[in-house]
Amino acid sequence: MKTLLRLYDTKSREVQTISSADGKTVKIYCCGPTVYRDAHVGNLRTFLLSDLIVRTLSFRKIPVYLVQNITDVGHMNENFVDGNLVESSEDKMVAEASKRQVSALAIAREFENKFHEDLALLNITPADLYPRASETIDLMVTAISKLIASGNAYQGRDESIYFAANSFADYGAISGNRLDALKPGHRYEYVDDGAKRFHADWALWKRAHNRTEMVWQTPWGEGFPGWHIECSAMSLEYLQGHVDLHLGGIDLRFPHHENERAQSNSLLADEEAVDHWVHGEHLLFEGRKMSKSSGNVVLVKDLITRGIDPLALRLCFLENRYRSQMDLTWEAINAAHSVIQRWRARMSEWSESQSLDQEVIDREVEGMVADFENDLDTPKVIQRLRAIEKDPELTSGCKREIFARIDNLLGLELEREAVQVEISPEVSELLALREQARAQKNYALSDQLRDKLLLLKIEIRDTAEGQKWERIY
Ligand code: AMP
Ligand code: ZN
C-alpha cells in the first residue's frame, strides 16, 4: 500500500514514497535514547521526526505502528583517537552508575522517566512500544545464535562473539563506507586487541570478564550485548520481520545502522529488512553541534526556567526542515515563544467571527498537508501560516479554522488560551543565571540577581522543585 508521504531515503539517496509492505500498517522503528543522562534538545529534534511522520500519516487515517527502543545496557563509550572513532569497553550506563554510586538500573529508570516527560512537554506522540534492551536479552541471544549458525558470526579469541563484516557482501550501502575503504587503522569499533579476525568486525556479545553488573548467562558464558544487535533483534521481533521505515539521527548512519542492516539482512537470509532509512540532521547550538562533550547542551527544563513555553522549541524545529542542519540560539527560541503567544491570542480574537468558507479552508489545509507529505517541508507550512495570518481576503473565522485544523500536524496547542505572561529576553536570561548561581551555591550572586529581578517586577520563590517566579504589579 502506497501512502502520499515522500521522504529522503539515505540508502538510495533520493526522495521516495513510503509504503506499507503488509498493505495495512506502516511499521516504523526509531532508535531511542541511551538512558544514562538527560536528553538534550538535539536528541529531541531527532525524536520529533517520528512524531511528524506519525501525525502526517494519521491525518490521512493510515494506521501506523511505532517501536522505539530504550538502550539501558550495551552502549559503549566512544572517543576519537588520532581521528579514529574508538569504542571503549566501558558501558555508558555502568560508567555513570559507578560515578554516582547507584545501580545501573536506577540510572536507567530515572532517565527513561525523564525522557518520557520531555517528550510530553514537546507534544511528541508516544511510540506504541518501548522495549528495553535489558528486558529483551533472550531475543538478542536467539538472533546471535542464528548468526553463528549461518556463518555470519564467530567467537573471538577473547570469547566475545563478533559479526564477520566480510560475510555481508553489501556492507556500506547506507553510509558509503565500504569495507575495502575501511583501513585497519580506522578502528571505529571496540579496541582492536587482536580478539577478532578482521578489523571491521564488531561485537554482538561481550564476555563479562571483570564486570559483575548488567550481565547475563548465555551459551557463550556470562556477558552483555553489543549495541547494534539490540535494534536488529527488537525491530524484527516487534515489527514482524519487516520495517517499512527506520529512523534515527544522522550520526547513527554509520556504524550503527550499517551494522544493524548487515545483521538483520543476514538473519533474513539476505532479504532486505528495512525499506527506507531516514535520518534527521544535527542540531547545532550557537554554531557548534549540540553534545555533552561540546559543553553546549540545552535541556527542555532550561526553557522552563527562563519562562519559555517548551512548544516554542517545537516551533523552532518546524521552521527548519528535518534534514538540514539547524543552528539554534536563545534569540530564536524567544522569538518563537512570542509567535506562539501571538497566534494563541489571535485564535481567541478570531473565534468571534462565524463566517466560514469551507472550500477555502479545505484548499489551504490541503496545501499544508501536502507540504508535510513532501518530505516534511515544515518551513513552507510555517511561511504559509504567517501569510494566512495577515491575509486581508480571508475572514477571521476561516483563519481560525485553518490554524486549528493544521495544528493537528503542528502540535503547537494553538487553541490553548494565551494566558502565559510574556517575559522579555532580559528577564529570561536573569532567571537562567539565578538558577545557575543557586545550583552552584553562589548565594551572594543569587541574591543580587533576585534583587535585579525584583526591580523588573519579577518575584522569586525558592521551592523544592527549583526556583518559581511570578510577575508583581
Ligand atoms: P543517544 O541518546 O545518544 O543514543 O541519542 C539519541 C538520538 O539523538 C540519536 O538518534 C542521535 O542520532 C540523536 N542526536 C544526538 N545528538 C544530536 C544533535 N546534536 N542533533 C540532533 N540529533 C542528535
Ligand atoms: Zn538503533
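Where does K61 lie?

**View 1. K61 sits in a loop of this predicted model.** The loop in question runs between α1 and β4 (64-68). K61 is not a glycine, yet its phi is positive, at about 65°. Most residues other than glycine have a negative phi, and most peptide bonds are trans. The next view turns to a peptide bond.

**View 2. A cis peptide bond joins F254 to P255.** Omega is near 0° for this bond. Where is P255 found? The loop between β12 (243-249) and α6 (256-267) holds P255.

**View 3. The chain is assigned three domains: domain 1 (2-280), domain 2 (284-410) and domain 3 (425-471).** Start with domain 1 and domain 2. Their centres, taken over C-alpha atoms, are separated by 32 Å. How many residues of domain 1 are in contact with domain 2? There are 31 on the domain 1 side, and they meet 36 residues of domain 2.

**View 4. The largest cavity lies between domain 1 (2-280) and domain 2 (284-410).** Why is it placed between them? Both domains give residues to its lining, so the cavity lies between the two. The structure holds one cavity of 30 Å³ or more. The volume of the largest cavity is about 100 Å³. Its lining has 13 residues, and R45, L48, L52, F317 and Y322 are the closest to its centre. α1 (41-59) and α8 (311-318) each supply at least two lining residues. Which element gives the largest share of this lining? α1 does, with five residues. By class, the cavity lining has six nonpolar, four polar and three charged residues.

**View 5. The second largest pocket is lined from domain 2 (284-410) and domain 3 (425-471).** Each of these domains supplies at least three residues of the lining. About 630 Å³ of space lies in this pocket. Its lining counts 19 residues. Which of them lie nearest the centre of the pocket? They are K301, D302, T305, R306 and E435. α7 (300-305), α13 (425-439) and β18 (466-471) each give at least two residues to the lining. α13 gives the most, with six residues. The pocket lining divides into eight nonpolar, four polar and seven charged residues.

**View 6. Helix α2 (residues 92-100) crosses helix α3 (residues 104-121).** Two packed helices are described by the angle between their axes and the distance between the axes. The axes of α2 and α3 come within 8 Å and cross at roughly 105°. That angle makes α2 roughly perpendicular to α3. Which residues make the contact? From α2 come M93, V94, E96, A97 and R100. From α3 come A104, I107, A108, E110 and F111. Seven residues of this contact are nonpolar, none are polar and three are charged.

**View 7. α8 meets helix α9 (residues 330-350).** The axes of α8 and α9 come within 8 Å, with a crossing angle of roughly 105°. The two helices are therefore roughly perpendicular to each other. On the α8 side, the contact residues are L311, A312, L315 and C316. On the α9 side, they are A332, I333, A336, H337, V339, I340, W343 and R344. How many residues of this contact are nonpolar? The count is 10 nonpolar, with one polar and one charged.

**View 8. K292 is in contact with R37.** K292 has its place in the loop between β15 (288-289) and α7. K292 and R37 are 255 residues apart along the chain. What distance separates their C-alpha atoms? The separation is 9.6 Å. Neighbours within four places in sequence are left aside here, and K292 is then in contact with R37 and V297.

Key
Residues are numbered from 1 along each chain as its sequence is written. Chains are lettered from A and ligands numbered from 1 in the order in which they are written. This is a predicted model: local features need pLDDT of at least 70, side-chain atom pairs count only at pLDDT 80 or more; totals for chains, interfaces and linings use all residues. Side-chain values use heavy atoms; hydrogens and water are left out. Axes are lines fitted to C-alpha atoms, for helices over the stretch in contact, and angles run from 0 to 180 degrees between N-to-C directions. Helices (H or I, at least four residues) and strands (E, at least two) are DSSP runs, numbered from the N terminus. Angles under 35 degrees count as roughly parallel, over 145 as roughly antiparallel, 65 to 115 as roughly perpendicular and the rest as oblique. Contact means heavy atoms within 4.5 Å. Ala, Val, Leu, Ile, Met, Phe, Trp, Tyr, Cys and Pro count as nonpolar, Asp, Glu, Lys and Arg as charged, and the others, Gly among them, as polar. On a 1 Å grid over the protein atoms alone, a cavity is a set of points where a 1.4 Å probe fits but cannot get out, and a pocket is an open set with protein on both sides within 12 Å along at least five of seven lines; lining residues have an atom within 4 Å of a point. Grid points are joined across faces, edges and corners, and a volume is the space filled by probe spheres set on the points. Domain bounds come from an automatic or database domain assignment.
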